[in-house]
Amino acid sequence: MRIGRITSILFLSVWFNQMAWGQDDNRIAHGKRVFERYCTLCHGEGLGADGAPMLPGTHAIYIKYRGEVPPLLQHRSDVNIELVKTVVRNGLASMPPFRQTEVTDSDLEAIVAWFDSVADE
Amino acid sequence: MAVLPPNVSQQQFDTAIDRLKSVVGDEWVFTSDADIHAYRDHFSYIKDEPNELIPCAAVGPDSVEQVQAIVRIANEFQIPLYSISTGKNFAYGGPSPNVRGSLTVDLKRMDRVLEVDDKRNFALVEPGVSYIDLYNYIQERGLKVWIDTPDPGWGSPIGNALDHGIGYTLGPYRDHFSAHCGMEVVLPDGEILRTGMGAMPASDSWQEYKHGFGPDPAGLFGQGNFGIVTKMGFRLMPQPEHWRNGLITVPRRRDFIPMVDTVNYLTDLGMIGEPWYSGGLQALMNNTEFAEAANNFNEEEMDRQALAAGLPSWRVELQFYGSEGTTLANWEYAKELMARNIPGVQFTDGESLPVPLTDEQIQKSSTPYESSMRRNITQGRPGLGIWYMTGRTDFNPNAWNETHIGLFSLVGRSGEAVFKAQRDFADISKRLDMPGFFPNSLAGPVNWYQNSFLMGNGFGAAKGNSPQQKKDATILLRRLLEENAKLGYGDYRAPPILQDDVADQYSFNNNILRRFNEKLKNAIDPNGIISPGRAGIWPEAYADLRGSHRED
């Protein structure tokens, strides 16, 4: 009886863990999708227009920090949800703010989860 | 920062907000300062001023039925609405309304691509769909149609078309409003109207025949305030098999006249995409002798120096869509016509590429179309690369250019008209002591709209980014609009703070056009709730606000 209970607890624990892992994976995948829809054309990889070495957002970060931080957001270790919300909701320099109808706070959390997952790799 | 709609009490406002929440859900009604911040114009010339055009709140419907319910609540509480699609109309006010305290109807959540047909070549979309979304939808499904995108491409086909925006491929598609075919509109009383064949419920031709039967009111919804557009069809260009470009240069200043005539001929025969004109003598402006000649329109001296420097006076880059054979034939024909009309004309064969172009072909900077930004948009590929012009770069490392406001004025589509406009804009600029880009004899037109030229002027009117400098610039632009209009140059599009001023200049028969629109407005929208003041059309309910953005 006791062994059966322990087995059940172990099974449930593994199941919940897998659920949590699954939820995390979904969240990370969602974050990546939202980032690609709204952010990558400015903050992605690749060449910028007309000879610019990077896309505009990536280049702006590069110019501002001159190598102190990686220009790609997903490679930075100092980008947390508070920073992302502040910049996205208020805009920064020539980047205008984005509205809740475009990216919700939950979307932003998913983006940061994706950043974290990439940084862990 | 919180503001109320005009003539609405806090209690009435709170009740209206509760009603809106019951329609769309609490999470889609935005009243906090933090949320409202994103509905301000990030580049506003009156940011943080008491008259800044900020909304009282925003509401994000997800369906046409919710839009109808919002319109009915607005009528009940007499709250002015301002609808946005993706809200990216920067330089033309962004998401900000015409009336401070309006309720912004944010249609971004209505972002469904309802249909794309690559045999009949059309799309039907909702307002929240961006050019990027529509492009991705087409690419993911391997459909063989192109969109015609503005630059940047994060705006909405509906929003851009309704503000008479433009693109860069073939003429019929570049004029985004004219390329629309069929729309669905929530009228000011909450009823739904469909234009064209959408008026016949069983029709299969909504996106193919825009006129329907009888008068077509679709034009009222472009730069208008007669309803909220919730669906819109667009004609799409079939993906061509081949793209080719070529450069034509002419030696003398006056050669521009036959050059334009010839390009017009090719354009109106549907043989070329957007032609890109530019002056060829900009490099000589560092030479004070040449600069003096150019600024004083001394054509003989300009020609002499151009010849001595071996530079062409004018260039036009042409692009051709079709098959390898037809694009070659059209290019050869363009060369033949130009050679017939202009002694000394020279040609540079460009590239001849199968479509779709690769990223490497887009990035290539060979002549013509050295600009990857331009190559991108000639292929109907939306991007945000143009944002480098305002963003932080090596040339602009510590600041950003907040002063991107100016005029694009309609000019006759001929070389003679461009020459006259150059002189007129230069004279006016001198008279008004305009700072910024000085229009001179090298300024060329843009041929975004197939049948007309636009010429930029008034850019760089602000001497800096301080509030006073922006006020001064706005006053200057108003004077510029007046002076331009005396000579027949009208602006095609404007931010809310200049819309009354632009509308004033369309003054034939004591501004009958505006008076006619306002008669319609008052009849259709008796409470004046739909975007009062847009394009200078003020309903009686808000008529006292006409011109209220003007600085004394």
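The following questions and answers go through a predicted model, chain by chain and contact by contact.

Me: How many helices and strands does chain A have, and what pattern do they follow along the sequence?
Reply: Chain A has 5 helices and 0 strands. Read along the sequence, the pattern of chain A is therefore α-α-α-α-α.

Me: What percentage of the residues of chain A count as buried?
Reply: The accessible surface of chain A is about 7,000 Å², and 59% of that surface belongs to carbon and sulfur atoms. Among contacts in chain A with a separation of 6 or more, residues 24 or more positions apart account for 44%. Of the 121 residues of chain A, the part that counts as buried is 43%.

Me: How many aromatic pairs are there over all chains, and which rings form a cluster?
Reply: The count over all chains is 23 aromatic pairs. Ring pairs also link residues into a cluster, whose members are Phe98(A), Phe43(B), Phe90(B), Trp154(B) and Trp387(B).

Me: How many residues apart in sequence are the parts tied together by Trp146(B) and Tyr321(B)?
Reply: Trp146(B) and Tyr321(B) form an aromatic pair with 5.7 Å centre to centre and 90° between the planes, which is edge-to-face. Trp146(B) lies in strand β7 (residues 145-146) of chain B and Tyr321(B) in strand β14 (residues 314-322) of chain B, so the parts tied together are 175 residues apart in sequence.

Me: Are Trp146(B) and Tyr321(B) buried or exposed?
Reply: The cut-off for this term is a relative accessible area under 20%. Both Trp146(B) and Tyr321(B) are buried.

Me: Which strands are tied together by Tyr277(B) and Phe453(B)?
Reply: The rings of Tyr277(B) and Phe453(B) are 5.6 Å apart centre to centre with 75° between the planes, an edge-to-face pair. The relative accessible area is 4% for Tyr277(B) and 0% for Phe453(B), so each is buried. The pair ties together parts that are 176 residues apart in sequence, because Tyr277(B) and Phe453(B) lie in strands β13 (residues 276-279) and β17 (residues 453-457) of chain B.

Me: What does helix α14 of chain B pack against?
Reply: Helix α14 (residues 467-486) of chain B has 20 residues and reaches 29 Å from its first C-alpha to its last, close to the 28 Å expected. Its buried residues include Ala473(B), Leu477(B), Leu480(B) and Leu481(B). The helix is followed by Gly488(B), with a positive phi near 95°. The buried residues of α14(B) pack against β16 (407-411), α13 (415-432), β17 and α15 (496-505) of chain B.

Me: How many disulfides does the structure hold?
Reply: A disulfide is a covalent bond between the sulfur atoms of two cysteines. Cys56(B) is buried at a relative accessible area of 5%, and Cys181(B) is buried at 3%. Over all chains, the number of disulfides is 0.

Me: Where is Gly142(B), and what is its relative accessible area?
Reply: Gly142(B) is in the loop between α4 (131-140) and β7 of chain B. Its C-alpha is separated by 9.7 Å from that of Asp118(B), 24 residues apart along the chain. Gly142(B) is partly exposed, with a relative accessible area of 44%.

Terms used. Residues numbered from 1 in each chain as written. Chains lettered and ligands numbered in written order. Predicted model: local features only at pLDDT ≥ 70, side-chain atom pairs only at ≥ 80, totals over all residues. Heavy atoms only, no water. Phe/Tyr/Trp six-rings, centres within 6.5 Å; stacked < 30°, edge-to-face > 60°. Helix = DSSP H or I, 4+ residues; strand = E, 2+ residues; numbered from the N terminus. Buried < 20%, exposed > 50% of the residue type's maximum accessible area, 1.4 Å probe, protein only. Expected span 1.5 Å × (residues − 1). Contact = heavy atoms within 4.5 Å. Disulfide = S-S within 2.5 Å. Areas by Shrake-Rupley, 256 points an atom, 1.4 Å probe, with all protein chains shown as cover.
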